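This is a short tour to follow with the structure open in a viewer. Each stop says what to select and what is found there.

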Amino acid sequence: MILEERPDGAGTGEKSARLQGCDSLTQTQRGQLQSRRARIYQQINKELQMRTGAENLYRATSNSRVRETVALELSYVNSHLQLLKEELEELSGGTDSGRHGSEAVTVPMIPLGLKETKELDWSTPLKELISVHFGEDGTSYEAEIRELEALRQAMRTPSRNEAGLELLTTYYHQLCLLDARFLTPARSLGLFFQWYDSLTGVPAQQRALAFEKGSVLFNIGALHTQIGARQDRTCIEGAHCAVEAFQRAAGAFSLLRENFSNAPSPDMSAVSLCALEQLMMAQAQECVFEGLSPPASMAPRNCLAQLHLAQEAAQVAAEYRLVHRTMAQPPVHDYVPVSWTTLVHVKAEYFCSLAHYHIAMALCDGSPATEGELPAHEQVFLQPPTFSNPRGPALPLELEERRKLGKAHLKRAILGQEEALRLHMLCRVLREVDLLRAVVAQALQCSLAKYSELDCEDDFCEAAEAPDIRPKTRQKPEARMPCLSQGKGPDIFHRLGPLSVFSAKNRWRLVGPIHLTRGEGGFGLTLRGDSPVLIAAVIPGGQAAAAGLKEGDYIVAVNGQPCRWWRHAEVVAELRAAGDAGASLQVVSLLPSSGLPGLGDRRPTLLGPRGFLRSQREHGCQTPACTRASPRPLLGWSRKTQQGKTGGRLQPCAPAKALSTCCCPGHRP
């Protein structure tokens with residue numbers, strides 16, 4: 001959709017500029033840009049108000065007819081919002097996606113709109129969980145919570161470039177860390193994550209953090225489609241960048257389809273993700289063809305080169321036919337925009353006709369094929385072999401036969417291009433896309449001109465039936481996983497300690513401070529590992545055993561200094577520096593796995609400083625009221641868990657470099 005721009009008075013602007021001594025052209029352009037941006041903001045606010053009212057009506061009514069009508073209205077509002085935001089992004093970036101500084105015309109692509117979400121308050125559930133489970137003051141982590149909220153707020157409106165992708169992947173990485181640290185099968189954060197469907201605009205919400213992760217991953221794939229659609233595919237570099245972007249998008253949708261289940265919104269269902277993945281691969285294949293196809297002025301005259309282009313175009317047409325069949329079937333047909341289905345159908349017809357056009361150019365304008373090239377040429381057609389010709393049809397060598405067969409292929413090309421124009425005119429949305437019509441009409445004019453050149457007045461023979469062309473490509477795009485590692489950064493809740501120990505999946509008791517002195521045999525313990533340092537062994541009768549330290553405890557503080565992230569050598573050096581006066585240690589002891597709450601026990605507990613479990617009531621904490629669960633099934637994240645046999649005591653993963661040190665006077669680490 002192209003928003004209309006109100007004409008401004010040029011004469012008045014020039015007169016005002018002369019009076020002020022300014023550049024009239026610059027001031028007029030700046031004023032038009034600002035007024036246009038202001039009108040877009042007004043229209044966005046209007047659409048948001050309409051969406052809020054429709055959303056409230058959708059939730060309040062139980063009438064199926066009313067809900068269906070409201071859902072349709074939400075889809076229109078969502079589509080208009082996406083168009084307005086894309087236009088605002090183009091104005092802010094100073095770019096025009098329809099013009100790339102080249103006279104060549106390219107077929108428009110289908111970019112996906114981003115899923116939208118509302119603001120979320122992380123403060124209350126995270127503070128309570130930190131206080132209840134980790135035994136720390138939740139208010140001391142307000143800075144970390146504000147950082148998480150600011151990251152989510154920025155993620156809602158990412159820029160349409162690599163910086164936007166990095167922002168989304170950074171938030172996705174933090175969600176993975178939150179999942180590993182704060183969630184268990186028996187406990188959720190108690191937050192409702194609400195997202196709007198990208199295709200229909202209907203809101204959906206769940207309490208599962210997996211829904212938040214899946215929605216962000218969907219937006220990563222959708223943003224890749226927008227980046228690919230904005231590339232200048234008239235040059236080889238731009239076509240390659242577009243191929244890369246659509247491959248990454250297909251990889252994101254494939255990852256989402258394979259790992260998430262029970263999606264509450266249609267755009268994240270398995271059938272929708274499969275259709276989107278096929279669409280992205282078809283668009284990537286189209287970009288491959290555009291990278292191989294030279295401009296008309298540099299079109300190759302070689303027969304073999306034209307045959308390769310014909311098979312590449314046939315491959316693109318085959319990909320789009322597959323996408324069209326998928327989109328035309330329910331349930332995908334019910335919520336995919338009709339303009340998408342029509343555009344895919346138009347592209348299938350257009351590229352099929354383009355394949356026949358290149359075959360005709362190979363027959364009529366290409367240099368004659370030699371005998372050594374014939375076996376390769378015979379693989380171009382799909383016509384089945386006959387008894388007299390078991391290898392299938394071959395390209396004719398005589399000039400007149402080549403002209404007749406080329407004319408037959410031109411006829412099929414003209415019919416296909418006319419059908420593409422007819423389908424284009426039937427769709428109201430596509431009729432507004434003049435660029436698509438210009439591409440097909442230009443191809444039709446070339447085919448008609450070549451057909452009239454080959455047509456002879458005394459040619460009374462019926463044109464032969466042109467065989468179908470075998471799809472074949474020398475560069476088959478494959479789905480590639482998005483670069484989720486580029487957004488990896490430090491854990492926002494790093495102060496809570498290493499995830500291997502300090503997570504909601506483990507339970508521990510905090511012991512200490514314990515005063516440990518050096519005896520004749522040293523401290524009487526052996527340390528191993530890093531972050532946190534583990535007490536691997538306690539010598540019976542030694543100083544550590546007398547102080548109450550046990551094998552398997554983790555040292556979290558030395559002389560009042562937190563050391564959860566210290567390395568092995570740093571803890572040993574601190575203990576040695578203590579001298580005969582000894583050191584004050586604080587340790588945590590992991591509780592056995594049998595102490596973990598079952599699926600039915602959702603009451604959080606607090607671990608006291610002396611190892612005793614105390615209830616929330618003793619600490620003035622109140623258990624939040626149980627909220628009503630979502631009527632839809634929860635979105636599940638399917639992942640394989642590895643559980644080690646620890647004999648009743650939870651142990652972390654073995655460190656990459658294990659160090660065993662006995663802290664005694666005669667031992668050197």
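Start by selecting Trp 566, which is buried, since its relative accessible area is 19% and the limit for buried is under 20%. The model on screen is a predicted one. Trp 566 sits in the loop between S8 and H18. Now show what surrounds the side chain. Leaving out residues up to four places away in sequence, Trp 566 touches Asp 530, Ser 531, Val 533, Gln 561, Val 571 and Glu 574.

Asp 530 is partly exposed, with a relative accessible area of 21%.

**The whole chain**

Zoom out. The chain has 669 residues, and 46% of them count as buried. Colouring by secondary structure will show 18 helices and 13 strands. Among contacts with a separation of 6 or more, 78% are between residues 24 or more positions apart. The accessible surface is about 34,000 Å², and carbon and sulfur atoms hold 53% of it.

**More salt bridges**

How many salt bridges does a search of the whole structure find? The search finds 19. In general, side chains of opposite charge can pair when their charged atoms come close.

Select Glu 212 and Arg 152, which form a salt bridge with the closest N and O atoms 2.7 Å apart. Glu 212 belongs to helix H7 (residues 209-229) and Arg 152 to helix H5 (residues 142-155), so the pair links distant parts of the chain, 60 residues apart. Are these two residues buried or exposed? Both Glu 212 and Arg 152 are buried.

Next, select Lys 450 and Glu 453. Their closest N and O atoms are 3.5 Å apart, and the two residues form a salt bridge. Both are in helix H16 (residues 434-454); because they are 3 residues apart there, about one helical turn separates them. Lys 450 is buried, at 8% relative accessible area, whereas Glu 453 is exposed, at 57%.

**Aromatic rings**

The structure holds 9 aromatic pairs. One of them is Tyr 350 with Phe 351: the ring centres are 5.0 Å apart and the planes meet at 70 degrees, so this pair is edge-to-face. Tyr 350 is buried, with a relative accessible area of 10%. Phe 351 is buried too, at 2%.

Then select Phe 134, Phe 182, Phe 493, Phe 502 and Trp 508, which ring pairs link into a cluster. Two charged residues lie over ring faces elsewhere on the tour. Arg 495 lies over the face of Tyr 141, at 4.1 Å from the ring centre. Lys 115 lies over the face of Phe 218, at 5.7 Å from the ring centre.

In soluble globular proteins, nonpolar side chains tend to be buried together. The largest nonpolar core here has 123 residues, and those touching the most other members are Trp 122, Phe 182, Phe 218, Tyr 320 and Phe 493. Which helix gives the most to this core? Helix H12 (residues 338-364) does, with 17 residues.

Return to Phe 493 and show its contacts. Apart from neighbours within four places in sequence, Phe 493 is in contact with residues including Leu 126, Ile 130, Tyr 141, Leu 178 and Phe 182. Another core, of 21 residues, lies apart from the largest one; its members include Val 511, Ile 514, Val 533 and Ile 535.

**Last stop: Thr 234**

Finally, select Thr 234, in the loop between H7 and helix H8 (236-259). Thr 234 is partly exposed, at 29% relative accessibility.

Terms used:
Residues are numbered from 1 along each chain as its sequence is written. This is a predicted model: local features need pLDDT of at least 70, side-chain atom pairs count only at pLDDT 80 or more; totals for chains, interfaces and linings use all residues. Side-chain values use heavy atoms; hydrogens and water are left out. A salt bridge is a side-chain nitrogen of Lys or Arg within 4 Å of a carboxyl oxygen of Asp or Glu. Helices (H or I, at least four residues) and strands (E, at least two) are DSSP runs, numbered from the N terminus. Buried means under 20% relative accessible area, exposed over 50%, partly exposed in between (1.4 Å probe, protein chains only). Contact means heavy atoms within 4.5 Å. Accessible areas come from the Shrake-Rupley method with a 1.4 Å probe; for residues, only the protein chains shown count as cover. Rings of Phe, Tyr and Trp (its six-membered ring) pair if their centres lie within 6.5 Å; planes under 30 degrees apart count as stacked, over 60 as edge-to-face and the rest as tilted. A charge sits over a ring if NZ of Lys or CZ of Arg is within 6 Å of the ring centre and within 35 degrees of the ring normal. A nonpolar core is a set of buried Ala, Val, Leu, Ile, Met, Phe, Trp, Tyr and Cys residues joined through side-chain atoms within 4.5 Å.
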